[in-house]
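This briefing concerns a predicted model.

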Amino acid sequence: MRPTRIWLIGAFLLLLATAAPVQAASTYTVNPALPDNTQCATLRLCRTIQAAIDAASSGDTIVARPGTFIENLTITKPLTINGAGQGVSIIKPALSAANPCAGSSLCGGAASNIILVQADNVTINGFTLDGDNPALASGIMAGGADLDARNGIITNHALGVYTNLVVSNVTVKNIYLRGMYASSGGTFNFRDNIVQNVQADPASIGMFNFGGAGIYERNIVVDANDAIAANHSKGTQFLGNVVVNSASGVHSDNAGDGGGTADRISGNTVSNCMANGYGIWDFVAYIAPVIESNKIVNCAVGLASFGNSSSFTAGPAVPTTFTNNTVDGQGLAGSVGVFITTDQVGYGDGTNSAFLYNNAIVNNAVGVQTEQKNGKTVSLSLRYNNISGNTTTGIDNAAGATVDAARNWWGSAAGPGGGNNGISGVVTTAPYALALASSATASTHEIGEVATLDTQVTAAGLYGAQLVVNHASSLMTFTPAGSSYNSTGGWFWDFRAASFSHPTPNQTMLAGTMLAGAPYNHPTAATLTGQSIATWKYTCVAAGTGGLGYDYTAGTGAKLSDVNGFEIVAGLTGDLVTCTAATSAVDGYLKLQGRVQGATAPAGWNDATVVLTCTGGACMAYGPIGLATDVNGHYVRLKTTPGSGIPNGTYSATAYRRAYLPATKAGAVVVAGTLTINALGTAPTLAGGDVNGDDKIDIADLAAIGGAFGTSITPDTGADVNGDGFVNVFDLVLAGGNYGLTASTWTP
């Protein structure tokens, strides 16, 4: 063999011998019942979450057990941090500093942040973050709470840009300034969270993105000064969120000034705003946002657009598009359904324009209002909207904007003016719709559930219709009764009176005939009053909310029209279907050695928990689910309404109780089938004696019992294993009998 070859082989072997091994990701368990963090680095058993963060390596997972953690956390590396569920694993601040400065969220490091993120790829799931620590007192009160935390979850924008922050199934409440804040200009995904009571300051915001791109999806925000917002967005999607009792619902400011894609605000519900509150709006857009399929109820202003980027750029006005939204003022005094203005609120004025198509703008004092200031102008186009029931004015254009409002429904075949739903200023309204067709039925079903939805039309003066119904194929599949499939992407129904040549007034419209090109020319119109004209049969295939959109452009033949042949789109709103992750009920029992089931004292039951963790299936979008037990060891979550039970999927189940070894169910737990009651197998008996909570029963536990022997302990501690109020021989017998165990058994 040549020497060179020998040298190469030797070098290669040396490289293999000295190469660092690839380190597998580890899991750290955090148990607040542990006495300290001495085992954190060695056994990955920690008392505090911060100790686990410090000991962990990038890519590791931290699992927090049930309990309350008094900590201000700083996350400095990519980690997944899972709690045992909202209301089960609770973090409260150790530092009270809700308002140490003005005009800054971090206050130069002086602020109390419950979780400060300064790393990419951080995932937080399954906690409640409560900014009111009863052991602290700030004197700053809001919503009945004494606020100690300035921010709930916030990125440290002072240090850098952090990407891929994921927060799901987390409750954040009682916060002074920012509930959840992606502040660094990175990317984020905030989904299925609850934010409550972030209202102490005029600048308080429940969920906020500054300069970045990301998704807000299916969050609930209650009692916030500003609920969900993005400023200088590079592309934010606001999807299916719910906002209640807040001063501002959802808005996008300065979107696209740094590039990116258009913001999309879709499928959100904003209701019962605070006094003078706004529902959904945009401010000085650089890339035109789309605001669609939202519902705003009982707010002073429903939809709004402020100014435009044209005042800062050489380009034309960037129009905001509002489509398929419902704004219902519910008779609120002084309410405005849609407000379009040049005002840039402290930044001068800018020429503004907007398109409003297929919206319902009803029951306000003023339906639509324009405002022009300082020589800047508004241009507004409205088509196929339902502008009715507005008690003072349908459109108030006293400002003199350019308003084209042809082809809308005004609450009467006589056009604008009926029931004070009139016009102020110069507005083009002709031609206007002479009849209103409406179908707005909401339905909630579960994944895999076959359901039907009757479509009804309430209209007068109809003489013909062809309707194309499109649906979100990602959410549902359709097999509609009385329909034929059109390959261009929709289901066609043809509604007409029973007699083609001599239709009868008040005749039920029939479904099922495909009309190919022949226009109707009825001498007499049909009148319907809430009659069912088609039944849709569908199956939910994924979680989400989608409108079943009516499309009048596809296909051939007559369109939905009034007696004069004018096409009616105004007020015809899509039926809204919500598909939730299918849910089942879970109902079972735990047993604790040495404790009397059904008793509270002595030897009573308390604080046992079952935690379900999804490992596959439809539940993957949901975090751990914690189920508390009663005095009988009974844990239960029943399905009462769609989505209220346990999301379907495959789970592991672990039972916990302080001073007892945990038990994990052997094999996977599958919750399947609507209304299924799943007991998760035989009730496990948790072995007592793990006094120090290190998941094993050894000499340290016996020593802890011996050290407290003969004492009366109230409230219950780990040393009083059987909970009879005394540390005695019974506790030693329990621990001694289980000596050497590292887990309890949970059989199928």
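K373 is partly exposed, with a relative accessible area of 29%. Its salt-bridge partner is D343, a residue that counts as buried at 19% relative accessibility. A search of the whole structure finds 9 salt bridges.

**Salt bridges**

- Between K373 and D343, the closest N and O atoms are 3.3 Å apart.
- This pair links distant parts of the chain, 30 residues apart: K373 is in the loop between β37 (366-371) and β38 (378-383), and D343 is in the loop between β34 (336-341) and β35 (352-357).
- R383 forms a salt bridge with D404, with 2.9 Å between the closest N and O atoms.
- Because R383 lies in strand β38 and D404 in strand β41 (residues 402-404), the pair ties together parts that are 21 residues apart in sequence.
- D404 is partly exposed, at a relative accessible area of 27%.
- In the salt bridge of K639 with E446, the closest N and O atoms are 3.1 Å apart.
- K639 lies in the loop between β56 (634-637) and β57 (646-647) and E446 in strand β43 (residues 442-446), so this pair ties together parts 193 residues apart in sequence.
- K639 is buried, with a relative accessible area of 19%, and E446 is buried, with a value of 0%.
- A network of salt bridges links D192, E217 and R218.

**Nonpolar cores**

- The largest nonpolar core has 74 residues, and I49 and I115 have the most contacts inside it.
- Helix α3 (residues 49-55) gives the most to this core, with 4 residues.
- Apart from this core lies another, of 36 residues, including I625, Y651, V691 and W746.

Terms used. Residues are numbered from 1 along each chain as its sequence is written. This is a predicted model: local features need pLDDT of at least 70, side-chain atom pairs count only at pLDDT 80 or more; totals for chains, interfaces and linings use all residues. Side-chain values use heavy atoms; hydrogens and water are left out. A nonpolar core is a set of buried Ala, Val, Leu, Ile, Met, Phe, Trp, Tyr and Cys residues joined through side-chain atoms within 4.5 Å. Buried means under 20% relative accessible area, exposed over 50%, partly exposed in between (1.4 Å probe, protein chains only). Helices (H or I, at least four residues) and strands (E, at least two) are DSSP runs, numbered from the N terminus. A salt bridge is a side-chain nitrogen of Lys or Arg within 4 Å of a carboxyl oxygen of Asp or Glu.
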